[in-house]
Amino acid sequence: MLDRMAQQFEATGVRLSMREQLMMIEVENDFAKATITPHGACVLSFVPKSGNPSGEDLLWVSETAVYTGEKPVRGGIPVCWPWFGQASEAGLPAHGFVRNRVWHLDSVRNLEAGLTEIVLMLESDEASLALWPHAFRLELRIEVGTELVMTLTTHNLNDHDIEVTEAFHSYFTVSDAESIQVDGLEHSFCYDKLTNSDPVQQAGSLEIVPPIDSVFIDQSMPVKIKDAQLQRRICIEKGNSHSAVVWNPGPEIIKGFSDMDNGAWTTMLCVEAGNVLQNAVWIPSGEKHKMIMKLYAEEFK
């Protein structure tokens, strides 16, 4: 099966391989390299060839991540859907169920100007309906170029409206989490999930002090992660996304994760684009909703 698919996409320059039990879609063009797995439709690597003097991957994946298919790969850009965070009912998986499902590789093609497009699809079935009783079709369109552009389209196939929360749970590589500054969150309202204190309006840049688990509501501005040691800014632009989440477990909380080394918190930072809490999305019957995230790097000294 893999050999037949590999031959089908050979003309696009895309390579298919296996890592343990998971298929890997490896992309390289004139602008960037990327790796995607259909398990969870997760982008695991994105290395742009411009704006990135260190050559380091923009994305972070745990050295002890699991590739058996038993759980999502820890890192990259998992898709959280149709709920973000803990489920409303006990026993349901955190961050929804689609990040631990195998998506269908629908198409691979070269676009104008040398970009590469990957399209992954997932539809409701008996297993999903047992967890969430609504019919849907999801499409994730990934464009690999100087920018990584991800478009998640939710199709409501029901005769009733549905409500979803969603996020691109992006893990980024940083030189030192405690020296990172995040810009673009100003004027949004910050909910600190560690203290559950009253929300406060963000003023100025966010200085990262792990542990941090903060949700920024009514946030749609571009966000930039400033990393002086790697001489780059990771830039996040969004469409139809009105929330941002910043997460780093710090030295104590990380001990509760079996697929993360205890010291890994120093080299990663999650800055997520989504629609969560009161920014939840209502999708009318028969309609669709798109959420877009664009990533790229800027050099600075």
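First, the conventions. Residues are numbered from 1 along each chain as its sequence is written, and side-chain values use heavy atoms, with hydrogens and water left out. Because the model is predicted, local features need pLDDT of at least 70 and side-chain atom pairs count only at pLDDT 80 or more, while totals for chains, interfaces and linings use all residues.

I start with open space. A pocket here is an open set of points, on a 1 Å grid over the protein atoms alone, with protein on both sides within 12 Å along at least five of seven lines; a lining residue has an atom within 4 Å of a point. Grid points are joined across faces, edges and corners, and a volume is the space filled by probe spheres set on the points.

The largest pocket holds about 410 Å³. Its lining has 22 residues, and Gly85, His95, His169, Asp213 and Trp247 are the closest to its centre. Two or more lining residues come from each of β17 (212-217) and β20 (243-248); strands are DSSP runs of E, at least two residues, numbered from the N terminus. By class, the lining has 12 nonpolar, five polar and five charged residues. Nonpolar means Ala, Val, Leu, Ile, Met, Phe, Trp, Tyr, Cys and Pro, charged means Asp, Glu, Lys and Arg, and the others, Gly among them, are polar.

The second largest pocket comes to about 290 Å³. Of its 13 lining residues, Pro82, Trp83, Ser88, Trp132 and Glu163 lie closest to the centre. That lining splits into eight nonpolar, three polar and two charged.

A cavity is a set of points where a 1.4 Å probe fits but cannot get out.

Last, the strands. Two strands pair if DSSP finds at least two bridges between them. Nine of them make an open, antiparallel sheet, ordered β6-β7-β8-β9-β23-β19-β18-β13-β16. Strand β13 (residues 181-183) meets β16 through two bridges, with Gln181 partnered by Glu207.

Strand β17, from the pocket lining, pairs antiparallel with β14 over four bridges. Cys190 bridges to Phe216 in β17 and to Val200 in β15.
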